[in-house]
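Have the structure open as you read.

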Amino acid sequence: MSVPRQAGSLDIPGLVLHYSSRLPGARHPARLPPQTTLEETVLDLADVSPTAEDAVAWAIKACQRRLSTPDRITAALAGRNRARWRRDLTDAITEVTIGVHSPLELRYLRDVERGHGLPRGDRQAVTTRRGARQYADVRYTEYGVVVELDGVLAHPAEARKYDSRRDNENTLDGFQTLRYGWVPVAYHACAVAREVADLLSHRGWHGSPRSCGKGCSATTLKIRPLYGVKSPALSRTS
């Protein structure tokens, strides 16, 4: 429960009190009982998050579920003199506008794709099959390559059957899928970039990955041959 800082020290059995000097401006103008706006709540949760990824996740979830917008969260953030993860939140909110839906997708965009000069993929690319929409986390449409990013929250065990069916249908449509979880993207971004670059090269990309810094393995590993891989017929796209 939040109370004004001016209230002084209160001791109410059964309640954990959070003192704030921002309550008058943070209060929702209409809802009862009194409560803070969603944007203020998101930023309060971000402030007490143990890591930047946890903090960023609150802002991304709010926008993904259409409970708020990047502009509203940015405005609320600008109104705070102190914000624990300000830089991370500002960067993440900027990327949400291009379709990033999770901290894992944000890491892939920054550390794998941009960090190694790969082509820009389409975020949350839509394909309609049998009247239902299916979404690809990252799709390199021109080259017939899909990258799926399996965060634990976004891809629980019960969703695996759906993921497998979608991957199979993508293959039948001429797309090849690479799938990565948190550990490869967060701790082995260079190796992931090399693999994605390999497949893109075999599917018609004429570029090459660039080094992200000292010790980068994306430019030193040899391209592995992918036998039997042909460039896809990409006339059928959504």
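Strand E5 (residues 145-149) runs parallel to its partner E6, and five bridges link the pair. Within this pairing, glutamate 148 sits across from arginine 179 of E6. Please keep in mind that the model is predicted.

**The sheet**
- E5 and E6 belong to an open sheet of four strands, ordered E3-E4-E5-E6, with mixed pairing.
- Strand E3 (122-129) and strand E6 (176-180) are the edge strands; each has a single partner strand, so one side of each has no neighbour in the sheet.
- From one strand to the next, the twist averages 45 degrees.

- Helix H6 (residues 103-114) lies across E3, strand E4 (132-140), E5 and E6, and its direction is at about 30 degrees to E4.
- Helix H9 (residues 189-202) also packs on the sheet, where it touches E4, E5 and E6.
- The direction of H9 makes about 180 degrees with that of E6.

**A helix pair: H3 and H5**
- Helix H3 (residues 52-64) and helix H5 (residues 86-96) have axes that come within 9 Å and cross at roughly 35 degrees.
- The crossing of H3 with H5 is right-handed.
- On the H3 side, the contact is made by Ala52, Ala55, Val56, Ala59, Ile60 and Cys63, which meet Asp88, Leu89, Ala92, Ile93 and Val96 of H5.
- By type, the residues of this contact are 10 nonpolar, no polar and one charged.

Terms used
Residues numbered from 1 in each chain as written. Predicted model: local features only at pLDDT ≥ 70, side-chain atom pairs only at ≥ 80, totals over all residues. Heavy atoms only, no water. Axes fitted to C-alpha atoms, helices over the stretch in contact; angles between N-to-C directions. Helix = DSSP H or I, 4+ residues; strand = E, 2+ residues; numbered from the N terminus. Left-handed = near helix turned anticlockwise from the far one by under 90°. Contact = heavy atoms within 4.5 Å. Nonpolar A, V, L, I, M, F, W, Y, C, P; charged D, E, K, R; others polar. Pairing = 2+ DSSP bridges.
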